[in-house]
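Have it open while you read.

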Amino acid sequence: MIVDIHVHPQLDAPDTLPARLIALGAPLGIERMLLLGDVLRFGYCPNEAQIRQINDNTLHALDRWPEQFRGLCHLNPAHDPAFLRDEIERCLAQPLMRGVKLEVAVNARDCRLDPIMAELERRDLILLHHAWYKTTGAVAAESTPADIADLARRWPRVRIVMAHLSPAGPRGIQDVKPYANVWVDTSGAQPTAGVVEYAVRELGAERIVFGSDAPGRDLAVQLARVLGADIDAAQRQRILRDNALALLGEPC
Amino acid sequence: MLIDVNVWLGHWPFQRFASTSAAALERHLQAHGIDMALVSPVEAILRPDPGEDNAALFRAVGAAPSLSPVPVLRPSLPSWPRHLREYAERGVLAVRVLPNYHLYDLAVPEADELAEAMIELDLPLLIQLRVEDERSQYPLLQVAGVPTAAVLAFARRHPTLRLACLCAYFGEAVELTADTPNVWVDLAFVETLDTVASLVARVPAERVLFGSHTPFLYTRAARDKLRHANVPPAALQALASGNAARLLGAGRLAKDSG
């Protein structure tokens, strides 16, 4: 079994896209996917109603395909802490929800993340946070790996999956290396050669998880980053399956 | 038969490559089932005169028969006609240009002169639209992709020039092939869910080439675009080698392979 920890359902295809993802993933051995929500559907700073709509769509897929999908509750930390707690509570009523996904609305260093982090710590759930070192095109509040490192330092008991290994690059890998509560997913941008090997050398395979960022990316191409990397079979299995199952609290 | 139209040999300052010798690169490509690769020198991207790097490439691939050298030309240098004649006499299958790294517009007279010379020699021109994702470039070396509009205008001015655009994004690939029958695109930077099926729904299958952009990208990533392509076998065969054979000239290709 391969677990893909970074997949986005879409509001305009609530049934057809999940079915297509399952069909495309099966021949590749991808049997489980973590749905992060259609997080950019309403732009960079969704309002409360839009957040609910995004999460409803994820919850729908979890209800319909409980074997194949797990989910994260998407939040905008700029919202009122009471709403954030209520939305976490509402989403986690579905037992296949595993934590929270944050995108670019608020930077990871911002104290407005604290109510969310406190809930995650209390419930022992994961945070998957977008991060990217962008030479061009960065959104104002977009987080870099250095920002994720700051968050990890402040919340050492919350397990954080930092998205996007290639755009993090060696600098980003070094940023989060001191923080054992940070994992890195392999998704993001082009399948730049050598970055998986570098991450395995620097972080260890136990801190890397496979993510595709589908449907913006191709499941087979993103999987090929890991299958094509010069690493051993045990390291590959950790990245493709074991680490994700452990993060999601599921048996290997 | 699998022909890769987008391969490089050499060193790049921002990335450590695993295969930097011709022998190692050939073994690597063959391990991925690639029978023939068009290879250009990485160093020619940044150095002012690509001539020396092309010469080094010819020497390097001499003992690697599946690597077909594709020299880089810089038409803003006065030496390019002499170099092109020399490369044609050596029997190259194509020439590659990088207008963005080499600081010229495709509208300059020298680019048009190169196009006419390529037509005269019956050789295709490979235009490298980009080398890296612009978002992840080294901050002090930001190089924008070659504008699609400039390529389209160039292709229309030279309708009998066979033009392959390498490392186009999905939207660019669609735009570049919409009404310019002399333009091909490669798969290296094209990616979306179910990439090949999605692309050939928008782009004629006979205009798509297999290109991996090795060693910048994982070779397997491009290879698996084909391996898991949900398209009919005839389209797959065209993408793997048939289209490249037409681009390069089937007769020349047979000679080179033989």
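Buried means under 20% relative accessible area, exposed over 50%, and partly exposed in between, using a 1.4 Å probe and protein chains only. On that scale Phe189(B) is buried, at a relative accessible area of 3%, while Tyr169(B) is partly exposed at 23%.

A word on the ground rules: this is a predicted model, where local features need pLDDT of at least 70, side-chain atom pairs count only at pLDDT 80 or more, and totals for chains, interfaces and linings use all residues. Residues are numbered from 1 along each chain as its sequence is written, chains are lettered from A and ligands numbered from 1 in the order written, and side-chain values use heavy atoms, leaving out hydrogens and water.

Now the rings. Over all chains there are nine aromatic pairs; Phe, Tyr and Trp rings (six-membered ring for Trp) pair if their centres lie within 6.5 Å, with planes under 30 degrees apart called stacked, over 60 edge-to-face and the rest tilted. Two of the pairs:

| Pair | Centre distance | Plane angle | Class |
|---|---|---|---|
| Phe58(B)–Tyr87(B) | 5.6 Å | 40° | tilted |
| Tyr169(B)–Phe189(B) | 5.6 Å | 45° | tilted |

Phe58(B) and Tyr87(B) are both buried. Ring pairs also join Trp8(B), Trp12(B), Phe14(B), Phe17(B), Tyr101(B), Tyr138(B) and Phe216(B) into a cluster.

As for chain A, 63% of its 252 residues are buried. Its C-alpha atoms fill a box of roughly 45 × 40 × 35 Å along the principal axes.
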